[in-house]
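Here are my notes on this one, in the order I'd go through them with the viewer open.

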Amino acid sequence: MAEFLTPPPVERGDRVAVVAPASNVPESARFVYELGLERMREVFDLEPIEYPTATADPEWLADNPEARAEDVMDAFRDPDISAVIANIGGHDQITILPYLDGDVLRDHPTRFYGYSDNTNLALFLWNQGIVSYYGGSTLLEYAMDGELFDYTEEYLQRALFEESIGEWTEADVFTDEAGDWEDPESIETTREIERSDGRIWRGSDETVSGRLWGGCYEVLVEQFLADRYVPDAEALDGTVLALETSELIPDPAVVGANLRALGERGLLERFDGVLVGRAAARSHAEEHPREWRVEYRERQRDEITNVLETYNPDAPVVFDCEFGHTYPTCPVPIGGRVEIDPSAESIRLL
């Protein structure tokens with residue numbers, strides 16, 4: 001593996017590419033997309049440039065993985081583009097990877113922002129030695145209902161405009177309520193906000209540091225099953241695993257079983273630390289009462305803890321970190337270095 005490169009920071013007034021390398025919202029939810037572009041311009045002083053996939057129909061995108069890959073490479077190639085921002089996640093981005101040219105991406109390193117299914121692209125960039133950012137999607141962080149979380153705005157600013165994010169502090173509140181993308185008036189109303197109990201620290205008390213690798217749990221399972229783009233096991237030695245589950249709300253026992261399989265492959269022991277995003281416990285399709293959501297998150301923490309105690313008891317593990325499918329978020333740098341200090345309960349994105 002060559003040395004990792006963090007692409008140059010964005011500057012205010014810069015042109016940023018808006019693309020849909022995973023999926024998209026239907027035309028009926030165009031109002032959410034427009035809000036995301038408006039916030040890019042007005043809050044962050046960016047000039048969003050809409051690439052062909054950005055407004056394409058989701059069904060067309062599903063049938064045209066090569067076009068999605070081409071948009072990504074075109075955006076990276078363009079010297080006037082300072083960042084590439086994915087609209088949203090999806091479920092089949094792995095199908096665009098055969099059409100990506102690693103040489104093009106490596107020769108034109110550009111900051112990429114996306115979450116969920118964009119784990120596929122983040123890990124492809126990791127293999128090229130390019131740091132990308134897990135978070136900062138058009139339709140989620142930028143287009144948050146009501147108003148931007150102050151926390152999201154602060155960490156998006158750092159991820160866009162700074163060389164590194166630095167000290168990564170806890171958020172005081174969070175939401176996992178899904179937005180209503182059928183009602184244009186919904187974006188005027190703030191989602192249900194809950195007080196956060198803060199991060200939960202388990203595992204070793206030793207301070208560790210390493211490069212972040214990982215992303216969305218469901219995509220990682222898919223990646224290991226395909227076994228075409230996962231790096232050699234030795235390349236993961238000393239890294240820090242980033243892991244979070246999606247709005248599919250997977251059974252905690254299944255999450256534990258899949259992690260146990262990675263343990264049996266000798267992979268879990270290679271990570272020096274683990275960061276786990278706060279789990280989403282409801283979605284557009286499933287609504288659960290608060291008590292159920294609290295219990296669900298605890299069951300997931302316990303399953304992950306039990307597996308790591310068996311296969312990697314020396315790793316510090318931090319739960320309920322601010323990345324993934326609950327909000328607010330910090331766009332964490334996949335491929336960037338992180339320092340975890342359990343005694344001070346601090347995380348630094350270096």
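1. In which sense do strand β10 (residues 208-216) and strand β15 (residues 337-341) pair, and over how many bridges? They run antiparallel, and four bridges hold the pairing. Keep in mind that this is a predicted model.

2. Strand β16 (residues 346-349) is joined to β15 by four bridges, with the two strands antiparallel. Together β15 and β16 make a hairpin with four residues between them. In that turn, E345 has a positive phi of about 50°.

3. Zooming out, these strands belong to an open sheet of eight, in the order β6-β16-β15-β10-β11-β12-β13-β9, with mixed pairing. Its edge strands are β6 (166-167) and β9 (200-203), each of which pairs on one side only. At the β6 end, β6 and β16 pair in the antiparallel sense over two bridges, and E167 stands opposite R348 in β16. Helix α8 packs on this sheet, where it touches β10 and β11 (240-244), and its direction makes about 90° with that of β10.

4. Helix α8 (residues 217-226) also packs against helix α9 (residues 252-264), at an angle of about 40° and with the axes 11 Å apart. That angle is why α8 and α9 count as oblique to each other. The crossing of α8 past α9 is left-handed. On the α8 side the contact uses Y217, V221 and F224, which meet V254, V255, N258 and L262 in α9. Sorted by class, that contact of α8 with α9 has six nonpolar residues, one polar and no charged ones.

5. Then there is α9 with helix α10 (residues 290-311): here the packing angle is about 15° and the axes are 9 Å apart. So α9 and α10 are roughly parallel to each other. Their crossing is right-handed. The α9 side of the contact consists of P252, A253, V255, G256, L259, R260, G263 and E264, and the α10 side of Y296, R299, Q300, E303, I304, V307 and Y311. By class, the contact of α9 with α10 divides into eight nonpolar, three polar and four charged residues.

6. On annotation, the unreviewed UniProt entry places "domain: LD-carboxypeptidase N-terminal" at residues 16-135. In the model, that stretch is 39% helix and 18% strand, and its end C-alpha atoms are 15 Å apart. The unreviewed entry also places "domain: LD-carboxypeptidase C-terminal" at residues 209-340. For residues 209-340 the model gives 34% helix and 23% strand, with the end C-alpha atoms 6 Å apart.

7. Finally, two backbone details to look at before you set anything up. The peptide bond from Y327 to P328 is cis, with omega near 10°, and P328 is in the loop between β13 (316-321) and β14. The other is I249, which has a positive phi of about 55° although it is not a glycine. I249 lies in the loop between β11 and α9.

Methods. Residues are numbered from 1 along each chain as its sequence is written. This is a predicted model: local features need pLDDT of at least 70, side-chain atom pairs count only at pLDDT 80 or more; totals for chains, interfaces and linings use all residues. Side-chain values use heavy atoms; hydrogens and water are left out. UniProt positions are given in the numbering used here, feature names are shortened, and annotations may be inferred rather than shown by experiment. Axes are lines fitted to C-alpha atoms, for helices over the stretch in contact, and angles run from 0 to 180 degrees between N-to-C directions. Angles under 35 degrees count as roughly parallel, over 145 as roughly antiparallel, 65 to 115 as roughly perpendicular and the rest as oblique. A crossing is left-handed if the near helix is turned anticlockwise from the far one by less than a right angle, and right-handed if clockwise. Contact means heavy atoms within 4.5 Å. Ala, Val, Leu, Ile, Met, Phe, Trp, Tyr, Cys and Pro count as nonpolar, Asp, Glu, Lys and Arg as charged, and the others, Gly among them, as polar. Two strands pair if DSSP finds at least two bridges between them.
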